[in-house]
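Here is a short briefing on one protein chain. Look over the sequence and the model, then read the points below.

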Amino acid sequence: MDELDWKKPALIGGLISGVPSVIPYVQSVNVCLCLWAWVGGIVAAKLLIGGSQRRITSKDGARIGLYAGLIAGVIVLLVSLPMSLWQMDKLLQTMIALSAQSPEAQSFYTRVQDDPTLKVMISFVIAFISAILIMGFTILGGLVGVALFEKRRDQPPPQYPPAYPPNYPPNYPPNYPPQSGGQGGDQGGWPQT
């Protein structure tokens with residue numbers, strides 16, 4: 001397994017999963033079951049298959065998906081944390097307005113809005129859950145990529161030069177008895193008994 005080049009497929013798959021997941025408007029595609037994560041995992045598996053001399057297994061697909069997912073998760077965590085922290089006040093004001101019927105919820109959102117530590121903690125939890133989701137779906141994408149693109153089966157490589165099948169007799173090709181004159185002259189014939 002060490003002969004596989006994991007770095008390039010993992011990096012490309014991680015970038016495909018992570019970068020579009022944090023770009024505004026482009027990230028809306030992730031509403032459909034983290035579609036960018038699926039695409040990144042599938043691309044990573046395809047690149048791994050294309051660069052490998054041997055057959056890639058489902059285990060390898062999950063592994064490349066994990067590596068790509070870790071890269072994507074770090075990107076999502078590093079970008080989403082400041083973005084969610086920046087948008088937290090607007091989100092909390094919306095939640096306070098929506099919870100006008102429930103004084104307990106309104107009190108909770110007001111308390112969070114007044115406490116910077118709680119804002120950071122909630123922003124971190126939101127970013128961390130997003131990163132974990134991206135990583136999980138990237139692993140699934142790696143498995144799907146192997147199922148879609150790995151067409152090789154476990155076959156031994158061809159032998160060069162080709163060997164005779166094992167059931168051939170050891171003296172193949174057979175040594176025919178020399179044909180000499182007998183009945184029929186020098187043209188050979190059946191041995192006389």
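Helices and strands here are DSSP runs, with at least four residues (H or I) for a helix and at least two (E) for a strand, numbered from the N terminus. On that basis, the protein chain has five helices and zero strands. The model is predicted.

**Overall layout**
- Along the sequence, the chain reads α-α-α-α-α.
- Of its 193 residues, 28% count as buried.
- Take the contacts between residues at least 6 apart in sequence: 75% of them join residues at least 24 apart.
- The chain exposes about 13200 Å², and 66% of that comes from carbon and sulfur atoms.

**Nonpolar cores**
- The largest nonpolar core holds 11 residues, among them Leu4, Trp6, Ile64, Ala68 and Val146.
- Helix H2 (35-50) and helix H3 (58-98) each supply at least two residues of this core.
- H2 gives the most, with four residues.
- A second, separate core has nine residues, including Val22, Cys34, Ile134 and Phe137.
- Val146, a member of the largest core, contacts Ala45, Ile49, Ile56, Thr57, Ser58 and Gly61, leaving aside neighbours within four places in sequence.

**Ser21**
- Ser21 lies in helix H1 (residues 7-22).
- Is Ser21 buried or exposed? Ser21 counts as buried because its relative accessibility is 8%, and the cut-off for buried is under 20%.
- The Ser21 side chain reaches the backbone oxygen of Ser17 at 2.5 Å.
- Not counting residues up to four places away in sequence, Ser21 touches Gln27, Asn30, Trp36, Val76 and Ile134.
- Of these, Ile134 also belongs to the second core.

Technical notes: Residues numbered from 1 in each chain as written. Predicted model: local features only at pLDDT ≥ 70, side-chain atom pairs only at ≥ 80, totals over all residues. Heavy atoms only, no water. Core = buried A, V, L, I, M, F, W, Y, C linked by side-chain atoms within 4.5 Å. Buried < 20%, exposed > 50% of the residue type's maximum accessible area, 1.4 Å probe, protein only. Contact = heavy atoms within 4.5 Å. Polar contact = N/O pair within 3.5 Å; in protein donor to acceptor, adjacent residues only side chain to side chain. Areas by Shrake-Rupley, 256 points an atom, 1.4 Å probe, with all protein chains shown as cover.
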